[in-house]
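Here is a short tour for someone meeting this structure for the first time. Have a look at it, then read on.

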Amino acid sequence: MKISEFFLPTLKEAPSEAKVISHQLMLRSGMIKQSSAGIYSWLPLGFKVLKKIEDIIRKEQDSIGGQEILMPTIQPADIWVESGRYEDYGQEMLRIKDRSNRELLYGPTNEELITDIFRTHLKSYKDLPLLLYHIQWKFRDELRPRYGVMRGREFLMKDSYSFDLDLEQSRLTYQKNFLSYLRIFARLGLKALPVKANPGPIGGDLSHEFVILAPNGESDIFFDKTLLELDPLSKENYSDKNIIDKAYNKWAQCYSVTDDIYNEKEYNQFVSPENRTNSRAIEVGHVFYFGTKYSKSMGANIINNKGESVNVHMGSYGIGVSRLVGAIIEYSHDDKGIIWPINVAPFSVGILNLKNGDEYCDRMSELIYQNLLIAGVEVLYDDTSERAGSKFANMDLIGLPYQVFIGLKSKETGLFEIKERSTNKRYFLALDSLINHLTEIFN
RNA sequence: CGGGGAGUAGCACAGCCUGGUAGUGCACUCGCUUUGGGAGCGAGGGGUCGGAGGUUCGAAUCCUCUCUCCCCGACCA
């Protein structure tokens, strides 16, 4: 993509409404436009990042047997009446009526819908286990939306729902999803930690939040430092129950809790003094087992191998996709702008023609651009006639992992400067090795 | 929902107290000079001052109502 043709409305100054850094940077880099409080339009640059995150999640979920579906944003009230949550949910739920006065709602979550799908179509234990997920917009009418997309009212979420015959199978499903989440966040370029969440009445120990450490986080977490050293991308084969169990326990047995269930005595008992640490954190995912809560109230039954009808055991696994965009920026930026982790960057490489109009610079920029495109590298070429300084600033702001400079220096030496955004490391390469080098990194 | 703040050009803001033809910087257009870290000079374009009502000869400015946005708190992926 050439910047001269790309819709990229960047700003030098951040709109005053934005207070946290990720929100400011998203507005300045032209990723989003606020529509109303907590509701945003996603412009091309932001939308690309959103899609990248979705794709990573999708691949990982598919790899543990998840099947993608898509449920509607608008739901009928009656299934919520049935589950008992129509009353319970309160004002966070956006309730609407259609032209014939039927009660509808904009879904804040999808347990009712998925349970309804399940009970209609699945009858036998032979159909289990089943893991369905979708990536869909949700709406919660928050008392106070804030922090840009990290706490919007409308937000994109991946949620999965698992169906198992009993608690034991459900636990295995839970563990698989837990490990899948670790891989997802690692592939997004994040250090995510599982944290024991408030278990509620049903879940027992099967409830974790996944958080990333960032100073603008909404909650405090207390944890054992050894968590930071565990490898989320372990190459172990997770098809064996015992291996899954072992891998899961390695993580789950490490102490980490949110401040709302923090207990000093317990903390001191389970964590040695040198390993105790705490940090602000942003919640980006949540996994939990909720047993038969919805299958019971909504009659989602399965016939087991003894011919008995039993309530199916369910779990739910959420990732805040749109929130992650903000969270990643909170986690990865500097005073110049965003620093995208490679896997979620909207483009991999930015080409800066520092002397637009110079025959050599124009020709070489175009050549590098075309060669990278052919090699399958996602590249954004700044072909505008802006001054060099403003191109540097703009490219640093939008945070692409690599920048290539073509200027009069290249004309003299035949070498092109490459800058690595995250480390500010710079080096010079000739045309062929430059193309090879970048192609290798991104393939 | 309680407490606080703000709505004036795409963005940041001044003007309001003390009513009298709406301004500055950035951005945008044109010209000249410049050209490896957000250039300089000159010339332009763009605003029913959030909305409604009122006071007044006259309202961005004073009064009343209203909408929206932001911040702190309780609540949340």
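Does Asn101 count as buried or exposed, and at what relative accessibility? Asn101 counts as exposed because its relative accessibility is 54%, where exposed means over 50%, buried under 20% and partly exposed in between (1.4 Å probe, protein chains only).

## Ground rules

This is a predicted model, in which local features need pLDDT of at least 70 and side-chain atom pairs count only at pLDDT 80 or more, while totals for chains, interfaces and linings use all residues. Residues are numbered from 1 along each chain as its sequence is written, chains are lettered from A and ligands numbered from 1 in the order in which they are written, and side-chain values use heavy atoms, with hydrogens and water left out.

Most residues other than glycine have a negative phi, and most peptide bonds are trans. Asn101 has a positive phi of about 70 degrees although it is not a glycine. You'll find Asn101 in the loop between strand S5 (94-97) and strand S6 (103-106); helices (H or I, at least four residues) and strands (E, at least two) are DSSP runs, numbered from the N terminus.

Tyr147 also isn't a glycine, and its phi is positive, near 60 degrees. Tyr147 sits in the loop between S7 and strand S8 (154-164), and it counts as partly exposed because its relative accessibility is 28%. Then there's the peptide bond from Leu128 to Pro129, which is cis, with omega near -5 degrees. Pro129 belongs to the loop between helix H5 (111-121) and strand S7 (130-139).

## Rings meeting rings

A search of the whole structure turns up 21 aromatic pairs. Rings of Phe, Tyr and Trp (its six-membered ring) pair if their centres lie within 6.5 Å; planes under 30 degrees apart count as stacked, over 60 as edge-to-face and the rest as tilted. Tyr174 and Tyr248 form an edge-to-face pair, 6.1 Å centre to centre with 80 degrees between the planes. This pair links distant parts of the chain, with Tyr174 in helix H6 (residues 167-187) and Tyr248 in helix H7 (residues 241-252), 74 residues apart. Tyr174 and Tyr248 are both buried.

Next come Tyr402 and Phe442: their ring centres are 5.7 Å apart and their planes at 90 degrees, so this pair is edge-to-face. Tyr402 is in strand S21 (residues 402-406), and Phe442 is in the segment after helix H14 (431-441), 40 residues apart. Tyr402 and Phe442 are both buried.

## Around the RNA

How many residues surround RNA strand B? There are 43, the closest being Gly152, Glu283, Arg387, Asp396 and Glu417; a residue is near a strand if one of its heavy atoms lies within 4 Å of it. Of the atoms of RNA strand B within 4 Å of the protein, 42% belong to sugar or phosphate and the rest to bases.

A polar side-chain atom of Asp396 lies 2.2 Å from a base nitrogen of RNA strand B, and one of Arg151 lies 2.8 Å from a base nitrogen. For Arg426, a polar side-chain atom is 2.7 Å from a base oxygen of RNA strand B. Helix H12 (388-398) is among the elements that give two or more residues to this surface, and the largest share, 7 residues, comes from H12. Asp396 is one of the buried residues of H12. Just after H12, Gly399 takes a positive phi of about 75 degrees.

Terms used. Polar contact = N/O pair within 3.5 Å; in protein donor to acceptor, adjacent residues only side chain to side chain.
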